[in-house]
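User: I am new to this structure and would appreciate a guided reading of it. Please proceed by questions and answers.

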Amino acid sequence: MPISSPKQPFLVIITVTIFSLLGQGPVSVLARNAHVINFRSPNLYPESLAWDPLMQHFLLGSLHQRIIAAVSDSGIVETYISDTDLPEDVSILGLAVDTPRNRLLAVVHSYAPLPPFNALAAYDLRSRRRLFLTPLPSEGIDAANDVAVDYSGNAFVTNSGGNFIWKVTADGSASIFSKSPKYLADTNNPALDVDSPHDSLGLNGIAYVNKGYLLVVQSTTGKVFKVDAEDGTARKVLLNEDLIGAEDIAVRSDGVAAVVSPMKELWMLKSIDSWSEGVVYDKVEVNVQRFPTSVVVGDKDRVYVLYGHVDEGRVGNSGRESFGIAELRSKREGEDESIWIFVLIGLGFAYFFFWRFQMAQLVKKMDKIN
């Protein structure tokens, strides 16, 4: 009796195997729309956002209000923390979630003409109560901006005015941590020039990398610095271009860094030597009319930017209610993924036809025997 070959079932097995190798189901390989969250919160003007992986929502500060808002992936807004004990009219800027200790760290800063105020606040994410409010040591020209946290709970806060980094330990003790001359080497606006608008000139966005160092961007020069998280030693990362106007930086689990500029674009960076050198391998368009000032890595390593319209808020506007959070993707990564999908499918078909040839030879031999 001739042996029949189950061609279709085997082809299904091959297809499923290919998608298993890709680490995703067949449906997820198909293109999906980028995740966009539009939400309403009167006079919020958030400059920074963070992702809380436990609660699966975004946390945002406010330029005009002493609150931290939570935004769900469907755009539902909640006043998550309200701290009316903070000085009136201060801004809540950089945010970082300390997941092991279930804390939120928030940079508090006052803009002129208010009296100078620069501090780091820590809040328990369960009780939503403040754990400490630590004033940051003053050097005369200070503008606390962004914050990152390591696995031990140490927080690192950038000073955009003084071009240095503060460190605040897990129990709230603050000190000046990294004050390298390299931060001033490439800028025409030294930190001691009191006429310069320092809030936008110096060290700005900061991210902790789990290998024990920080990546910090400098807005005016477009430089990226690698800073040792133990001793504060700084090195300039050698890049193929300067990221002028860089505002914030975030690092994915695969080591790719995303840097956003509110007036330009989102840069995607890679490094193969732990950021002694790096390369900008893609640029993603942003909506500059909505002034993106923050970038964060959210669920499933997706990159999101915050459209907080802070440029309006800084000139005294208070009437806006609508803001947004948008997922941005690298087109080059999508193209590379598509190429590999077709390569794997091609290999699958090649293997299938080889198997089919072998089965045909086996059938002929069996027929001769019978």
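Analyst: The discussion below concerns a predicted model and takes up salt bridges, sheets and one aspartate.

User: How many salt bridges does a search of the whole structure find?

Analyst: A pair qualifies when a side-chain nitrogen of Lys or Arg lies within 4 Å of a carboxyl oxygen of Asp or Glu. With the whole structure searched, the number of salt bridges found is 14.

User: Which residue forms a salt bridge with Arg-128, and how many residues apart in sequence are the parts that the pair ties together?

Analyst: The partner is Glu-78, and the closest N and O atoms are 2.8 Å apart. Arg-128 lies in the loop between β8 (118–124) and β9 (130–135), whereas Glu-78 belongs to strand β5 (residues 77–82), so the pair ties together parts whose separation in sequence is 50 residues. The two names asked for are thus Glu-78 and, for the separation, 50 residues.

User: What is the relative accessible area of Glu-78?

Analyst: Partly exposed residues fall between the buried limit of under 20% and the exposed limit of over 50%. Arg-128 is partly exposed at 32%. Glu-78 is also partly exposed, and its relative accessible area is 35%.

User: Which strand holds Lys-236, the salt-bridge partner of Asp-186?

Analyst: The side chains of Asp-186 and Lys-236 meet in a salt bridge at 3.1 Å, N to O. Asp-186 sits in the loop between β13 (174–178) and β14 (203–209), and the pair ties together parts 50 residues apart in sequence, because Lys-236 lies in strand β17 (residues 234–236). Relative accessibility is 35% for Asp-186, which counts as partly exposed, and 32% for Lys-236, which counts as partly exposed. The strand asked for is β17.

User: Which residue in β24 is the bridge partner of Tyr-304?

Analyst: Strand β23 (residues 303–307) pairs with strand β24 (residues 322–328) in the antiparallel sense over five bridges. For Tyr-304, the bridge partner in β24 is Glu-327.

User: What is the average twist from one strand to the next in the open sheet β18-β19-β20-β21?

Analyst: This sheet has four strands with antiparallel pairing. Its edge strands, each pairing on one side only, are β18 (248–251) and β21 (279–285). From one strand to the next, the twist averages 25 degrees.

User: Which residue in β19 is the bridge partner of Val-251?

Analyst: β18 and strand β19 (residues 257–260) pair in the antiparallel sense over four bridges. In β19, the bridge partner of Val-251 is Ala-257.

User: Which side chain of opposite charge is nearest to Asp-282?

Analyst: Asp-282 lies in strand β21. Asp-282 is buried yet has no salt bridge, a pairing that would need a distance within 4 Å. At 5.4 Å, the nearest side chain of opposite charge is that of Arg-332.

Conventions
Residues are numbered from 1 along each chain as its sequence is written. This is a predicted model: local features need pLDDT of at least 70, side-chain atom pairs count only at pLDDT 80 or more; totals for chains, interfaces and linings use all residues. Side-chain values use heavy atoms; hydrogens and water are left out. Helices (H or I, at least four residues) and strands (E, at least two) are DSSP runs, numbered from the N terminus. Buried means under 20% relative accessible area, exposed over 50%, partly exposed in between (1.4 Å probe, protein chains only). Two strands pair if DSSP finds at least two bridges between them. Axes are lines fitted to C-alpha atoms, for helices over the stretch in contact, and angles run from 0 to 180 degrees between N-to-C directions. Lys and Arg count as positive and Asp and Glu as negative; His and the chain ends are not counted.
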